[in-house]
Amino acid sequence: NFMLLPPHLSLNIFFDIISLSNEERKKIIMKLDSTITISIILAICALFAPSITAIINNRHQYKIRKLELRHNFITNQSNVIYANKYNVYKSFLEEASKYSMFNDYAKEFTSILACTQDALLLCNPETKKLLLDFSERFSNHTISNRDEYITELNKIADSFNSELSSLSCE
């Protein structure tokens, strides 16, 4: 409860305050002190509130932008990895198919081994096992007939497909 100035105070407040009793003077001064204090606090808050709000908003925007950039980087990196794997796997399967169809041993043999090495650089462990087994059997000429050769290629193609599918889902 704020005490209002007594009605007998005139416009010349200074002299009127002097003429009041000590108790009335203390009440008026306390009222003026609390009013001034509250006003000063509110003025300070009004000065600094926009700056504090701007700092909070800027930090939030910075964090959001950082997350967006990270997401874009990861997405682009995934797209590049997918494209590289797709091209290498496609080259391997094309060269392996040519060998199976034409049996031009010297040229196609080296081409398949080169494509196998490229695929080994990018593949996952399951596909790597299939490719190494294929490469070893192919180099040692232990794949006895065309059906066995095509079966091996189909296993590798399925593994490639699984690997690429898992990349496109990320």
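The entries follow in the order in which I looked things up.

**Model and confidence.** I noted that this is a predicted model, in which local features need pLDDT of at least 70, side-chain atom pairs count only at pLDDT 80 or more, and totals for chains, interfaces and linings use all residues. Residues are numbered from 1 along each chain as its sequence is written, and side-chain values use heavy atoms, with hydrogens and water left out. I looked up pLDDT, the predictor's confidence in each residue, from 0 to 100. The chain average is 79, and 76% of the residues score at least 70.

**Fold.** I counted 5 helices and 0 strands, where helices (H or I, at least four residues) and strands (E, at least two) are DSSP runs numbered from the N terminus. The order along the sequence reads α-α-α-α-α. I then checked contacts, meaning heavy atoms within 4.5 Å. Of the contacts with a separation of 6 or more, 57% are between residues 24 or more positions apart.

**Surface.** I have an accessible surface of about 12,600 Å² for the chain, with 61% of it belonging to carbon and sulfur atoms. The areas come from the Shrake-Rupley method with a 1.4 Å probe, and for residues only the protein chains shown count as cover. Of the 170 residues, 22% count as buried; buried means under 20% relative accessible area, exposed over 50%, and partly exposed in between (1.4 Å probe, protein chains only).

**Aromatic pairs.** I searched the whole structure and found 5 aromatic pairs. Rings of Phe, Tyr and Trp (its six-membered ring) pair if their centres lie within 6.5 Å; planes under 30 degrees apart count as stacked, over 60 as edge-to-face and the rest as tilted. Phe92 and Phe134 make an edge-to-face pair, 5.7 Å centre to centre with 80 degrees between the planes. This pair links distant parts of the chain, with Phe92 in helix 2 (residues 22-102) and Phe134 in helix 4 (residues 125-139), 42 residues apart. Phe92 is buried at 0% relative accessibility, and Phe134 is buried with a relative accessible area of 0%. Phe92 also pairs edge-to-face with Phe160, at 5.9 Å centre to centre and 80 degrees between the planes. Here the link runs from helix 2 to Phe160 in helix 5, 68 residues apart. Phe160 is buried too, at 2%. I traced the ring pairs into a cluster of Tyr89, Phe92, Phe134, Tyr149 and Phe160.

**Glu152.** I placed Glu152 in helix 5 (residues 146-169). Is Glu152 buried or exposed? It is buried, with a relative accessible area of 8%. Its side chain makes a polar contact of 2.7 Å with that of Arg137. A polar contact is a pair of N or O atoms within 3.5 Å; within protein, one must be able to donate a hydrogen and the other to accept it, and residues adjacent in sequence count only if both atoms are side-chain atoms. Leaving aside neighbours within four places in sequence, Glu152 touches Asp133, Phe134, Arg137 and Ile143.

**Cysteines.** I found 0 disulfides, a disulfide being a pair of cysteine sulfur atoms within 2.5 Å. Cys45 is partly exposed at 44%, whereas Cys115 is buried at 11%.
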